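Grab your viewer and work through the exercises below. Each one sets a task and then walks through a solution.

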Amino acid sequence: MLEALQLKRLKQVVQRVYHTVGFYRRVFDEASVTPDDIKTLDDLKRFPFTSKQDLRDNYPFGMFAVPMSSVVRLHASSGTTGRSTVVGYTKRDIDTWSELMARCFVAAGLTKNDIIHNAYGYGLFTGGLGAHYGAEKLGASVIPMSGGNTKRQIMILQDFGPTAICCTPSYALNLAEQGKAMGVDMRSLKLRVGIFGAEPWSEKMRQEIENVLGIKALNIFGLSEIMGPGVAMECLEGRHGMHIFEDHFLVETINPETGEVLPPGEEGELVFTTITKEAFPLVRYRTRDLSRLITEPCRCGRTLHRMDRVMGRSDDMLIIRGVNVFPSQIEAILLAIKGVEPHYQLIVDRAGTLDTLEIQVEVGEQVFANADEVKVLQNMERQIAKDIKDYLGVSAKVKLVEPKTLQRFEGKASRVQDKRRI
Ligand code: DLL
């Protein structure tokens, strides 16, 4: 049944992208495949992958399969111009997304009688509005908190008595810590369940969150390119692995080195094909997220296959306080500043519940030779930190160091030290 529906939808989407998106026509032609080659679901394997670079090359709207007059919403991942990923939605895409997010809330045991505190960021990030529309679709009462203003969030949690909370897992711990500092007994709030995602987290973090907040913590997965939050979601009954909404997304795991499709159960890179999206359909999109598929039945009774928690990435993307950052984006900002050398180190750590980013970067001899050295250095540090915040949305501590003090590399540079123990 499901397979028949998937095949019908897959055929439609492959036809559509071939006829409406120049990129797909070109890469299908190059790979000598045509939409008619899809006879079974397995035939998808013969089609080329789509990468993030392809999206960048077609920035901002080149991959859209409908005219802009049909696009009712745009979202984007953070990034400097030309480097962020822009996604578009038709009215029907928004309806589908809301429906799938509503399914996620149902999987978390929520109904229209619940109050949902939504602390995912509202804006270009898909978390806030994605969860918001899903909560409304369910008929629950949604509190559109967005991120930040932590003290105010604690007050709202006490006064409005939400039964569910949506935010990144690290922010959940941050809230718990702030609440405790304010003398609030966080376990006695009405919260019952949390829907946490947008960044990697571990079983240990789950236990800690459940313990400090006195709730059940569930994992939700998604990415802007495929839709936003709600591509896959854990259920309250199973609490192990996230059910993938396979009536809307086809999933494969591949060996990131060779591109070979792996059997279910083996760890590899997740590749998604959207089969119902109108504005921004993607065929075989390489997520760079490493996970594995779980095909054993779940005790909740859902027959949708599951994906395990994301175990890492096959590229160098960092997620810092929920914001996706590529070292190359930081590099581009650094190099645009006069006096800065192309030698830098990024040190990512976690202080308590908060991710920290320190950027060490070399400056040229002439900066150190300057009589007003200290002042000049301080100004430069401030300027770099401001640019990083303005372009990428993350706070960083910038430390300028003397020329030739940072490590040099003979092969591939390794400029990131991720010291977080999640
Ligand atoms: O993070 C969408 C989202 C919002 C998901 C709210 C869940 C909740 P992007 O900003 O495009 O979209 O980032 C997508 O975040 O490729 C993963 O690397 C990572 N990610 C998302 N969810 C999880 C998760 C949103 N549950 C990127 N566990 C993805 C680990 C996750 N990593």
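**Exercise 1. Work out how far apart the centres of domain 1 and domain 2 are.**

Step 1: get the bounds, which come from an automatic or database domain assignment. Domain 1 covers 87-315 and domain 2 covers 323-418.

Step 2: take the centres over C-alpha atoms; they are separated by 32 Å.

Before going on, some ground rules. This is a predicted model, where local features need pLDDT of at least 70 and side-chain atom pairs count only at pLDDT 80 or more, while totals for chains, interfaces and linings use all residues. Residues are numbered from 1 along each chain as its sequence is written, and side-chain values use heavy atoms, with hydrogens and water left out.

**Exercise 2. Describe the interface of domain 1 and domain 2.**

Step 1: count contacts (heavy atoms within 4.5 Å). Seven residues of domain 1 touch six residues of domain 2.

Step 2: get the buried area, meaning the accessible area (1.4 Å probe) that two parts lose on being put together, summed over both. Here that's about 490 Å², with 45% of it on carbon and sulfur atoms. On the domain 1 side, Ser-170, Asn-174 and Glu-177 lose the most area, together 51% of what that side buries.

Step 3: Helix H7 (residues 169-181) supplies its largest share, four residues. Helices here are DSSP runs of H or I with at least four residues, strands are runs of E with at least two, and both are numbered from the N terminus.

Step 4: look for salt bridges, each a side-chain nitrogen of Lys or Arg within 4 Å of a carboxyl oxygen of Asp or Glu. Across this interface the rule finds zero.

**Exercise 3. Find what Leu-354 touches beyond its neighbours within four places in sequence.**

Step 1: locate Leu-354, which lies in strand S19 (residues 354-363).

Step 2: list the contacts: Asn-174, Arg-321 and Asp-349.

Step 3: classify burial (buried is under 20% relative accessible area, exposed is over 50%, partly exposed is in between; 1.4 Å probe, protein chains only). Leu-354 has 30% relative accessibility, so it counts as partly exposed.

**Exercise 4. Go through salt bridges in the structure and say which parts they link.**

Step 1: the total is 27 salt bridges. As background, side chains of opposite charge can pair when their charged atoms come close.

Step 2: take Lys-52 and Glu-225, whose side chains meet at 2.9 Å, N to O. Lys-52 sits in helix H3 (52-57) and Glu-225 in the loop between strands S7 (216-223) and S8 (228-233), so this pair ties together parts 173 residues apart in sequence. Both Lys-52 and Glu-225 are buried.

Step 3: Glu-269 is in strand S11 (residues 268-274) and Arg-286 in strand S12 (residues 285-291), 17 residues apart. This pair is buried too.

**Exercise 5. Is Thr-276 buried or exposed?**

Step 1: find Thr-276 in the loop between S11 and S12.

Step 2: its relative accessibility is 11%, so Thr-276 counts as buried.

Step 3: list its contacts, not counting residues up to four places away in sequence; among them are Arg-9, Asp-93 and His-248.
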